[in-house]
Amino acid sequence: MPGKGYSTVGMKPVITNRLQEATDKSYPGMFLPSTLIIIMNEIKKGYYSVDTHNIKLDLSGRYNTITIRSDVKDWLEENHEKFGKEYEEKYGVKCFTKFVSYFIVNMLESKNRVQ
């Protein structure tokens with residue numbers, strides 16, 4: 001899959017900061033995109049699932065872009081198709097980028113719960 005290429009996704013500062021904290025805690029020395037690959041693979045292998053948590057994110061600030069592997073972007077898009085309505089009802093998010101923000105935080109919260 002890594003040979004498929006790369007894609008970019010926009011992230012608000014609060015998401016980038018949370019992802020950096022998780023990287024520093026669980027995968028010291030890794031880059032943020034590598035953390036997303038590892039977490040995606042852990043979820044795909046069934047080590048834990050992404051549950052929705054009672055979170056409210058401050059999505060203010062300018063978007064930063066992060067370059068990720070295309071298979072990670074495809075996986076995020078699959079989850080958007082699968083859980084988009086649920087996230088819209090629970091968090092009021094309608095666009096893909098805001099879905100990704102909440103999905104990533106829910107991934108991190110779910111990972112923290114099982115550790």
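# Helix packing and aromatic contacts

Visitor: Where is the place of glutamate 42?
Guide: Glutamate 42 belongs to helix 2. Please note that this is a predicted model.

Visitor: Is glutamate 42 buried or exposed?
Guide: Glutamate 42 counts as buried, because its relative accessibility is 13% and the limit for that class is under 20%.

Visitor: And what does glutamate 42 touch, not counting residues up to four places away in sequence?
Guide: With those neighbours set aside, glutamate 42 touches Tyr27, Tyr47, Tyr48 and Lys111.

Visitor: How many residues lie between glutamate 42 and lysine 111 along the chain, and what separates their C-alpha atoms?
Guide: The two are 69 residues apart along the chain, and their C-alpha atoms are separated by 9.3 Å.

Visitor: At what angle do helix 2 and helix 4 pack?
Guide: The angle is about 65 degrees, and the axes are 11 Å apart. The crossing of this pair is left-handed. On the helix 2 side the contact is made by Leu36, Ile39, Glu42 and Ile43, and on the helix 4 side by Ile104, Met107, Leu108 and Lys111.

Visitor: Next, helix 2 and helix 3. At what angle do their axes cross?
Guide: Helix 2, residues 32-44, and helix 3 have axes that come within 10 Å and cross at roughly 50 degrees. The two helices are therefore oblique to each other. Their crossing is left-handed. Helix 2 contributes Leu36, Ile37, Met40, Ile43 and Lys44 to the contact, while helix 3 contributes Asp71, Val72 and Trp75.

Visitor: What about helix 3 and helix 4, how do their axes cross?
Guide: These axes come within 9 Å and cross at roughly 90 degrees. That makes helix 3 roughly perpendicular to helix 4. From helix 3, the contact is made by Lys73, Trp75, Leu76, Glu77, Asn79, His80, Phe83, Gly84, Tyr87 and Tyr91; from helix 4, by Phe96, Phe99, Val100, Tyr102, Phe103, Asn106 and Met107.

Visitor: I see several rings there. Which residues form the aromatic cluster?
Guide: One aromatic cluster is formed by Trp75, Tyr87, Tyr91, Phe99, Tyr102 and Phe103.

Visitor: How many aromatic pairs does a search of the whole structure find?
Guide: The search finds six aromatic pairs. For tyrosine 91 and tyrosine 102, the ring centres are 4.4 Å apart and the planes are at 25 degrees, so this pair is stacked. The pair links distant parts of the chain, with tyrosine 91 in helix 3 (residues 70-91) and tyrosine 102 in helix 4 (residues 96-114), 11 residues apart.

Visitor: Why is that pair stacked?
Guide: The planes are at 25 degrees, and stacked rings have planes under 30 degrees apart.

Visitor: Is tyrosine 91 buried or exposed?
Guide: Tyrosine 91 is buried, with a relative accessible area of 12%.

Visitor: Which lysine lies over the face of tyrosine 63?
Guide: Lysine 12 lies over that face, at 4.1 Å from the ring centre.

Visitor: What is lysine 90 in contact with, leaving aside neighbours within four places in sequence?
Guide: Lysine 90 is in contact with Thr52, His53 and Asn54. Between lysine 90 and threonine 52, which are 38 residues apart along the chain, the C-alpha separation is 8.6 Å.

Visitor: Where is the place of lysine 56?
Guide: Lysine 56 sits in the loop between helix 2 and strand 2 (64-69). This residue is exposed, with a relative accessible area of 74%. Lysine 56 and leucine 32 are 24 residues apart in sequence and, C-alpha to C-alpha, 22 Å apart in space.

Visitor: Back to helix 2. What is the relative accessibility of asparagine 41?
Guide: Asparagine 41, found in helix 2, counts as partly exposed at 31% relative accessibility.

Visitor: What separates the C-alpha atoms of asparagine 41 and serine 60?
Guide: They are separated by 30 Å, with the residues 19 apart along the chain.

Key: Residues numbered from 1 in each chain as written. Predicted model: local features only at pLDDT ≥ 70, side-chain atom pairs only at ≥ 80, totals over all residues. Heavy atoms only, no water. Phe/Tyr/Trp six-rings, centres within 6.5 Å; stacked < 30°, edge-to-face > 60°. Helix = DSSP H or I, 4+ residues; strand = E, 2+ residues; numbered from the N terminus. Buried < 20%, exposed > 50% of the residue type's maximum accessible area, 1.4 Å probe, protein only. Lys NZ or Arg CZ within 6 Å of the ring centre and 35° of its normal. Contact = heavy atoms within 4.5 Å. Axes fitted to C-alpha atoms, helices over the stretch in contact; angles between N-to-C directions. Parallel < 35°, antiparallel > 145°, perpendicular 65-115°, else oblique. Left-handed = near helix turned anticlockwise from the far one by under 90°.
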